[in-house]
Amino acid sequence: MDRGHPTIHPRQWAAWAFLTPVTLYLVLFYAYPLYRNLDLSLRDYTVRSFVQGDAPFTGLHNYRTVLDDPAFAPALLHTVVFTAVCLVFQYVIGLALAVFFHQHFRLSATLRALFLVPWLLPLIVSASTWSWLFNSDSGLVNALLSSVGIGPVNWLTSPSWSLASVIIANIWIGVPFNLVVLHSGLQSIPAGLYEAAALDGAGAWRRFRSITFPLLRPVSAITLLLGLVYTLKVFDIIWIMTKGGPAGASTTFATWSYQLGFGNLLPAFGPGAAVGNLLVVAALVFGLVYVRVQRKQALS
């Protein structure tokens with residue numbers, strides 16, 4: 001037997017066979033696009049050089065261009081406001097609904113399934129529906145407002161209301177995800193804890209504050225993290241409803257990146273990729289913070 005060439009166990013071959021498709025998928029659809037986006041942000045790409053692949057290396061010039069752009073500060077503010085408001089309302093409403101449906105009344109399963117409809121609909125359908133609802137002339141929202149004596153609001157064409165409009169639409173889409181994940185987390189909390197607390201005279205709010213919310217914290221953390229990553233990159237809803245307007249009033253980093261790269265006759269591929277990379281870095285930072293917090297909690 002040749003000791004210099006150890007044989008590979010058949011189980012090892014099987015393990016590599018299962019890992020290969022996953023590895024190829026990650027490389028082709030995650031690692032390579034990220035590499036290409038980084039390369040775009042570090043070179044001066046034009047349409048010709050994008051095809052021929054001879055763009056000159058410019059280092060961090062595209063990032064400096066983005067930071068010096070007058071649109072940077074408003075886009076950053078809109079991204080922060082859009083993400084923060086959506087996360088808070090999606091989580092609070094989703095948690096309230098999860099606790100409500102945890103009561104297991106007769107129609108709880110049916111109603112919970114109906115609440116999943118916004119999550120299952122294609123985004124183009126959801127965005128188009130909300131565009132119709134917020135239409136200034138024939139929208140249902142203004143019709144309801146006029147029935148109570150409130151004048152029409154230019155939801156999608158007013159700089160004061162366009163960002164609020166896309167926030168409302170995105171909250172509606174994201175609530176079902178929070179409902180499903182948080183409801184699953186509630187299922188793992190032992191019912192005996194609630195029974196013991198009730199015997200001790202704890203009311204519903206006391207049981208929620210002392211049992212439900214603390215034990216749901218790990219599930220809440222991953223829900224908020226996933227919601228943050230998704231909300232940072234929301235593009236479809238904003239673009240279909242307002243295209244980032246009017247006058248950039250609802251422009252976020254996601255829509256700004258698209259406008260730079262594809263929204264002009266002379267596309268700015270480098271700055272557009274730089275804005276996209278800023279989103280990637282933001283999501284990565286929050287992901288690392290989450291991992292660090294979880295590690296501290298596991299050690300404590």
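Predicted model: local features only at pLDDT ≥ 70, side-chain atom pairs only at ≥ 80, totals over all residues.
Local features need pLDDT of at least 70 and side-chain atom pairs count only at pLDDT 80 or more, while totals for chains, interfaces and linings use all residues. Residues are numbered from 1 along each chain as its sequence is written, and side-chain values use heavy atoms, with hydrogens and water left out.

Me: At what angle do helix 10 and helix 11 pack, and how are they oriented?
Reply: Helices are DSSP runs of H or I with at least four residues, numbered from the N terminus. Axes are lines fitted to C-alpha atoms over the stretch in contact, and angles run from 0 to 180 degrees between N-to-C directions. Helix 10 (residues 191-199) and helix 11 (residues 204-215) have axes 10 Å apart and an angle of about 160°. That makes helix 10, relative to helix 11, roughly antiparallel (angles under 35 degrees count as roughly parallel, over 145 as roughly antiparallel, 65 to 115 as roughly perpendicular and the rest as oblique).

Me: Which residues of helix 11 meet helix 10?
Reply: Contact means heavy atoms within 4.5 Å. The helix 10 side consists of Leu193, Tyr194, Ala197 and Ala198. Their counterparts in helix 11 are Arg207, Ile211, Thr212 and Leu215.

Me: How do the residues of the contact of helix 10 with helix 11 divide?
Reply: Ala, Val, Leu, Ile, Met, Phe, Trp, Tyr, Cys and Pro count as nonpolar, Asp, Glu, Lys and Arg as charged, and the others, Gly among them, as polar. On that basis the residues where helix 10 meets helix 11 are 6 nonpolar, 1 polar and 1 charged.

Me: Which residues is Leu193 in contact with, beyond its neighbours within four places in sequence?
Reply: Leu193 lies in helix 10 and is partly exposed at 38% relative accessibility (buried means under 20% relative accessible area, exposed over 50%, partly exposed in between, with a 1.4 Å probe and protein chains only). From Leu193 to Arg207, 14 residues away in sequence, the C-alpha to C-alpha separation is 8.9 Å. With neighbours within four places left aside, the contacts of Leu193 are Ile211 and Leu215.

Me: Why do the buried residues of helix 7 line one face of the helix?
Reply: Helix 7 (residues 123-133) has as its buried residues Ser126, Ala127, Trp130, Ser131 and Leu133. An α-helix has 3.6 residues a turn, so residues three or four places apart point the same way. The arc is that of the directions from the helix axis to the C-beta atoms. Seen down the axis of helix 7, the buried residues line one face because they fall within an arc of 160°.

Me: Which helices do the buried residues of helix 7 pack against?
Reply: The packing of these buried residues involves several helices. The partners are helix 6 (117-120), helix 8 (140-147), helix 9 (162-187) and helix 13 (236-241).

Me: How far apart are the axes of helix 4 and helix 9?
Reply: Two packed helices are described by the angle between their axes and the distance between the axes. For helix 4 and helix 9 the angle is about 40°, and their axes are 6 Å apart. That angle makes helix 4 oblique to helix 9. The residues of their contact divide into 20 nonpolar, 7 polar and no charged, and the axis distance is 6 Å.

Me: Is Thr83 buried or exposed?
Reply: Thr83 is found in helix 4 (residues 72-101). Beyond neighbours within four places in sequence, Thr83 is in contact with Leu228, Thr231 and Leu232. At 5% relative accessibility, Thr83 counts as buried.

Me: How far apart are the C-alpha atoms of Leu232 and Val80?
Reply: Leu232 sits in helix 12 (residues 217-232) and is buried, at 10% relative accessibility. Its contacts outside four places in sequence include Thr79, Thr83 and Ala254. Leu232 and Val80 are 152 residues apart along the chain, and their C-alpha atoms are separated by 8.5 Å.

Me: Which residues does the cis peptide bond join?
Reply: Most residues other than glycine have a negative phi, and most peptide bonds are trans. Pro246 is in the loop between helix 13 and helix 14 (253-262). With omega about -5°, the cis bond joins Gly245 and Pro246.

Me: What is phi of Ala247?
Reply: Ala247 is in the loop between helix 13 and helix 14 and counts as exposed at 85% relative accessibility. Its phi is positive, in a residue other than glycine, with a value near 55°.

Technical notes
Helix = DSSP H or I, 4+ residues; strand = E, 2+ residues; numbered from the N terminus.
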